[in-house]
Amino acid sequence: MAPTPDPNRLARWPLVGREAELKQFDAALRDTSCGALLLCGPPGVGRSRLARECRQRAADKGHPVSEARATEAASGVALGALAHLLRSDVSPARPAQLHALAIEALSPLTPTPPPPRRSARPLRPVLCIDDLHHLDTTSVVLVRQLLDARRIFVLGTAVTAAHDLPGAAVTAVLADADAVRRVDLAPLDRCDTELLLRAVLSLPVTGRARDRLHDLSEGLPLPLSELVSAAVTHSVLTSDGTVWDLISPEVPLTPHLAGLLRARIESSGHRRELEILAACGPCPLPYLLGHLDLERLDVLERARVLTTARDGHRTTVQLAHPLDRVLLRHDMPEARTQRILLDHVAWIRERGARRSEDEGRVAALMLRATGHSPPGSLSQAVHHAARVEDLDRARQLLESVPQAQRRFESTYLLGQALFRSGDCEGAERVLSAAAVLAAGEREVLDTLAARVHNFVFGLDASTDECRAVMDAARPHVRTFLGHRELALLRGVAAYGAGDFAEALEHCTAFENPASARSRAPEQLVLRAGLLKALTLGCLGHAGEAVEQARAAAETPLPEKDDPYRSVTLQLARDTVLIHALTVAGRPGEALTYGARAGRGLRAFDRHASRWLTMALGRAALAGGRLRQARLMFAEVARAARIERSALLPESLGLLAAAAAQQGDLEAAARALEEAGATVPAHRVVPDLDLGTAWLAACRGELGRAQRMLAAAAVQARMLGHTTRESLLLVDLTRLGGAASAAQRLSAIADERSDPCHLVRAALARAWQDQDTDRLLHLAEEFHASGADLLAAEAASVASDALRTDGRARPARAAAHAAMDFLDRCQGALTPTVRLAHTSGHLTVREGELALLASRGMSNKQIGETLHISPRTVENHLHRIYKRLGITGRQDLPDSLRPQAERRGPSSVW
C-alpha cells in the first residue's frame, strides 16, 4: 500500500538548505556590536519560516523574545505593529516616554532560564518583526532608537523586488551599516528541493517530479509546499511504496496559491496581454507590441512579470513565472483561448511564415485551437516540437492525423514518438504499419532501425523476431552503404542477444575500408562507435571502451541531423560513457559526469532517459552510494511498470541488491518477488541472480550466496561477458569466497591486462592471503576511484587481520579509515562490514551463524539452513557470545552493527 504523507508535515514544512543563514544569525546574536539582522528575499522564499527558526534558537539560549507583524493595512497607524507590546496608555505624541516604556515592555515578555553567572552580561531582548517593509514611521523611529542604544536585538524580514531595496522603513534602518546586517535569501537549488521533498513525503521523488516541481515553484518553498499539497490531494503526485512521481506534468493549484498568483497578475494591470503569452507561449516581440506599448513592456520586464530573450535575429517575450502561465490558462474561457491562438496564427501567416519553424508553430497552435493541424505542416511541427524538447506536443500532433490520412512519414514519426515516450508495444504496432508503407531504401532502413532498437532496448524480443524483421527488409536494401547500415543493425541485434564478439565485428565495419567511413552519415558512424564502446566494455576491454565512449561523447552531433534523433544520440552518448567508466572501476568519475548528463533532454526521450538512469544507478551501486542507487532503480522500476518495459526485472534485481546491502531485507525480498513474476520465458536476467545472492548473504546465508555468485560467474564466462564475470567474482570475494575467485580473476587480468582487472585480481589475492598492507593500499585506490564501499570493506578486513595478529594500533587506524569510507556509503550494512567491526574475531562459519541468529532464527532453523545439528549450532553460539563479550542472542544485532550505525543509523532512503 502506498504511504500517505503526514498531514502535519504537509502543513508545516521542515527547514532545509538554510544552515549558512542560521550560522549568520547565531554569530550576529553573539556579536554585541550588531543590533539587527534583516532576512530579505522575494515573496515565498521562506523569510518567515527562517525567522521562526531563529526566534526559537534565541529563546532556547535564554533571550527574552517578542514578536510583531507589520501589515500593509496597519502601515498608516502609528505604532500599529508594536501596540500589543506596549502599555495601553502609551501615546505616540509623547516620544520622550517611548524609549523607556519600550525597553520595559520588551524585556520580560519571554520567560528566561535561571540567571547566568554574575560575570556574564545580561542577554539582550530579541524583537522579531515580520514584514518590516510595512512598518509605520513612528515604529521605525522607535526601533532605530532602541538599536542606537544597543538595548535590543532586532530580527526583521522584508520583501525585496528584483530592482530595489525592501522599502523606506528598511532603508532607514539600514542607514547604520555597522549595527545592521542583511542576509539575502536565494531560492532553493535542486538538491535542497529534493531533500525537502524527501523530508516531507518520507520517501524520495523521481528526478522528473523533482525537476517539474522545482521549475514550477522556481525553488521557492511557499509555492513548492502548495504545489505538493495540491498534487497529493488530487492524486497527481503518487507513490508505489518506494518512490513518488507525478502521473501528469499538469500540477493543480491550491486556492491559497491561486489567490496569491491572481493578486500578482491583477497588480500588473495587464491581465489580457499576459493571457496572450499564457496561451501562445513565447511570442515574437512585434506581435506583442500590437497589444502593449514598449514603455509598459519595459515596466513589466523590470518588475519581472515578463522576460525577453534573443532567438537569432528575433526577440521573443514570455512570462517570467511558470505558475502565472498555469493560472492564466486555467482561468481563461475556452473561447478566449481559441481566439488568441487563431489570432496568432493569422499574424504568422500574414508575415509569410518566413522561418522554418513557423509552419510547425502554426500546426501546434491550430491543434490546440481546433483539435487538428494542417497536414502539410505536420513534419515541420514535429521537428519544432523536437527542437523545444516537447515530446507530448509531438505525440499529440501525430495522433491528431486521422488513420485514413496517415502516410509513411506521419506513421513513422508517431512510432518514434511512442518509443521515446516509453510505449514500446504501441511503437511496434505503429512501426510495423510504417514498414508496410515504406517506399525506397531510406524509409525501409529508418523503419528497420527503429524496430530493431525497440526490440532490443524496449521489448526485449527474442533473437528470432529481430532476425525475421531484418530478413524481410534485406531485399529492399541495394546500395553499398545501405548494406553497411544493415550490418550495424545486425550488430545491435547481436548485442541484445549477448553475442558480443559478433556485435563488435559488425560495428567495426565502419572503420575499414576508409572509403565506406567517409561516405557514411555522421550519425551512423557515431552509432557504430557507441555500439563498439558497449561491446568492448562487455568483453572486458574496459580501458578501450572508455576511450571509445569518450571520443563519441566529445564528437559534435551532426548539424544537419534531425533534432528528433539528435536528442536520443546525446542521451545515448552520455549513457555509454557512464557505463564504460563504471565497468572500468571508476564510479566516482561516472557519477561526476552523470550529474550534468542529459540535462534538459530527458523529457523529450523518456525511454533513453531510463537507460541513462540505469547507468547512473549502476555507477552509484559500484561506488557504494546505496541510497542514490536505490532511488534511481526505484524510479526506473516505477516507470517500467507503467510502460511494461523490459527494464522492470533488471531494475528490480539491482534495487534488491542495493536494499540488501543497506540491511533492508524486506524491501529486497519484495523487489525480487515482483521481478520473478515479470521475467519472460526466453530471457535470462543476471541482475536477478545478483540481487538474490546479496539478499541471501545479508540474511546470513553466506554459503548459498557464494554458490549463486560462482554459478552466475560461470554462466557469464560461457556467454563471453568477461566484465560481468569479473564483477561477480569481486562480489564473491566480498562475501568470503576469495579462495574461489582469486585464480580466475588473475587469469582475466593476464588475458586483458586492463588496470581494473589487475586491481580486482589483487583484491582477491590480498583478501585470501590476509595481506594487510596490500589491502590498505587497495582501500586507498578504491577510495580515489569513488568505490568507497569496496574501500571500507578492504580496510575492515585489514583491521580485522591486524587485530588478530595482536597489532592493536595499526588495527585501530585501519578501523578508523574504514569508518571514514563507510560514512560515504549511505547506510551500507554488508556482511563484511558487520562482521569485521565486532569486538571479537569470528571465523567465516561463526560469522555466517551469527548473522542468521541475529535475524531471530531458532537453532533448528539455523541447522537446517547450514546442514548442521541444532546441538552444533548451540555450541557455536556459546563460543560466539564469549568472543563478542555478550550474554545471549538478544545482544547479537547490536554487536554486529558497525560503529557508524551505532552513532546513529542513516535512513535507507
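Mentor: Begin with what a helix is here: a DSSP run of type H or I with at least four residues, numbered from the N terminus. The model is predicted. By that rule, Thr582 is placed in helix α28, which covers residues 563–583.

Trainee: Is Thr582 buried or exposed?

Mentor: Burial means under 20% relative accessible area. Thr582 has a relative accessible area of 13%, so the residue is buried.

Trainee: Which residues does Thr582 touch, leaving out those up to four places away in sequence?

Mentor: The partners are Ala590, Ala615, Arg618, Ala619, Ala622 and Arg760.

Trainee: How many helices and strands does the protein have, and what share of its residues counts as buried?

Mentor: There are 47 helices and 10 strands. Of the 909 residues, 56% are counted as buried. The exposed surface comes to about 39,600 Å², with 52% of that supplied by carbon and sulfur atoms. For contacts with a separation of 6 or more, residues 24 or more positions apart account for 68%.

Trainee: Now helix pairs. How do α15 and α16 pack?

Mentor: An angle over 145 degrees counts as roughly antiparallel. Helix α15 (residues 334–350) and helix α16 (residues 358–370) pack at about 155 degrees, their axes 9 Å apart. The two are therefore roughly antiparallel. The crossing of α15 past α16 is left-handed.

Trainee: Which residues make that contact?

Mentor: From α15 come Thr337, Gln338, Leu341, Leu342, His344, Val345, Ile348 and Arg349. From α16 come Asp358, Arg361, Val362, Leu365, Met366, Arg368, Ala369 and Thr370. By class, the contact of α15 with α16 has eight nonpolar, four polar and four charged residues.

Trainee: At what angle do α20 and α21 cross?

Mentor: The axes of α20 (residues 424–437) and α21 (residues 441–459) cross at roughly 160 degrees and come within 10 Å. That angle makes α20 roughly antiparallel to α21. Their crossing is left-handed. Residues of α20 in the contact include Leu431, Ala434 and Leu437, and those of α21 include Ala450, Phe455 and Leu459. The classes in the contact of α20 with α21 are nine nonpolar, four polar and four charged.

Trainee: Are α32 and α34 roughly parallel or antiparallel?

Mentor: For the parallel case the angle must be under 35 degrees. Helix α32 (residues 647–661) and helix α34 (residues 686–698) cross at roughly 20 degrees, and their axes come within 7 Å. They are therefore roughly parallel to each other. The crossing of α32 past α34 is left-handed. Contact residues in α32 include Gly653, Leu654, Ala657 and Gln661, and those in α34 include Leu688, Gly691, Trp694 and Cys698.

Trainee: How do the residues of that contact divide by class?

Mentor: The contact of α32 with α34 has 10 nonpolar, three polar and two charged residues.

Trainee: One of the α32 residues was Gln661. What separates its C-alpha atom from that of Val833?

Mentor: The two C-alpha atoms lie 9.9 Å apart, while 172 residues separate Val833 and Gln661 along the chain. Val833 belongs to helix α42, residues 831–836. Val833 counts as buried because its relative accessibility is 0%.

Key:
Residues numbered from 1 in each chain as written. Predicted model: local features only at pLDDT ≥ 70, side-chain atom pairs only at ≥ 80, totals over all residues. Heavy atoms only, no water. Axes fitted to C-alpha atoms, helices over the stretch in contact; angles between N-to-C directions. Parallel < 35°, antiparallel > 145°, perpendicular 65-115°, else oblique. Left-handed = near helix turned anticlockwise from the far one by under 90°. Contact = heavy atoms within 4.5 Å. Nonpolar A, V, L, I, M, F, W, Y, C, P; charged D, E, K, R; others polar. Buried < 20%, exposed > 50% of the residue type's maximum accessible area, 1.4 Å probe, protein only. Areas by Shrake-Rupley, 256 points an atom, 1.4 Å probe, with all protein chains shown as cover.
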